[in-house]
Amino acid sequence: MRRHPLKPLSLCAAAIGALAITIFAAAPSRAAENAVIIPPPAVDAQAADGIQTAVIAGGCFWGVQGVFQHTAGVVNAVSGYAGGSKATADYNIVSTGATGHAESVEIKYDPKKISYGKILQIFFSVAHDPTQLNRQGPDSGTQYRSAIFTANDEQKKVADAYIAQLNAAKVYRKPIVTKVGPLEAFYPAEAYHQDYLTLHPTQPYIAYNDIPKVEALKKIFAENYIEKPTLVSSAKVTN
């Protein structure tokens, strides 16, 4: 399923907003109900100096980006593509599902304020459902797969160990299908995809599928939640 982003000056914005409010009022906690309280990772990355990078994929990047923009210690979260080539890192092409890309989010974070393991805990708990194969909610296709693109051996060790830990604990009804593999490259998505959740909170897709994820973050990870999102448009760290 391909989503249709809103244009900034859409003539039907008011109607869309009204529809979204109606939908959200009728079912405000769909994604929140899918959130799962899980234990923290038994194995985590060592604290380090400087800004670190994590790249994850969990379905539509709008919601995943939105969750981490409300996470303390994250200095920038950028929607984009990983898993394919630079030539096909384009929304219209990625949406065909034939590029190898997954809609992903590159997270720049301060390891003195949040660990790599905590990022994965939030990712597995509230940002998406890691048991859904090549889909998330209404979206289907390999571009919506669950994946962790590791930047080094330590990240791979932490990710693999955490998946094994969660599967052994049987915190989900089905096994985790998240693929862990090396990050070859990350390509930022088009400008109109950035900060999408904040800019379009009443868009039906956002209101129904993604706002509840931020609500779940606030409820389950209160100590990691920040009210004001760290937006790409105002982030101090972009590389």
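Helices H3 and H5 lie oblique to each other in this predicted model. Their axes are 11 Å apart and form an angle of about 130°. Helix H5 also packs with helix H8, where the axes come within 9 Å. Two packed helices are described by the angle between their axes and the distance between the axes.

**H3 with H5**

- Helix H3 covers residues 61–69, and helix H5 covers residues 116–127.
- The crossing of H3 and H5 is right-handed.
- From H3, the contact draws on Val64, Val67 and Phe68; from H5, it draws on Ile119, Ile122, Phe123, Val126 and Ala127.
- By class, this contact of H3 with H5 comprises 8 nonpolar residues, with no polar and no charged ones.

**H5 with H8**

- Helix H8 spans residues 204–220, and its axis crosses that of H5 at roughly 125°.
- H5 and H8 are therefore oblique to each other.
- The crossing of H5 and H8 is right-handed.
- On the H5 side the contact residues are Ile122, Ser125, Val126 and Ala127, and they meet Lys213, Ala216, Leu217 and Ile220 in H8.
- The contact of H5 with H8 contains 6 nonpolar residues, 1 polar residue and 1 charged residue.

**Residues of H5 in both contacts**

- Ile122, Val126 and Ala127 are among the H5 residues that meet H3, and Ile122, Val126 and Ala127 are also among those that meet H8.
- Ile119 and Phe123 of H5 are listed in the contact with H3, while Ser125 of H5 is listed in the contact with H8.

Terms used:
Residues numbered from 1 in each chain as written. Predicted model: local features only at pLDDT ≥ 70, side-chain atom pairs only at ≥ 80, totals over all residues. Heavy atoms only, no water. Axes fitted to C-alpha atoms, helices over the stretch in contact; angles between N-to-C directions. Helix = DSSP H or I, 4+ residues; strand = E, 2+ residues; numbered from the N terminus. Parallel < 35°, antiparallel > 145°, perpendicular 65-115°, else oblique. Left-handed = near helix turned anticlockwise from the far one by under 90°. Contact = heavy atoms within 4.5 Å. Nonpolar A, V, L, I, M, F, W, Y, C, P; charged D, E, K, R; others polar.
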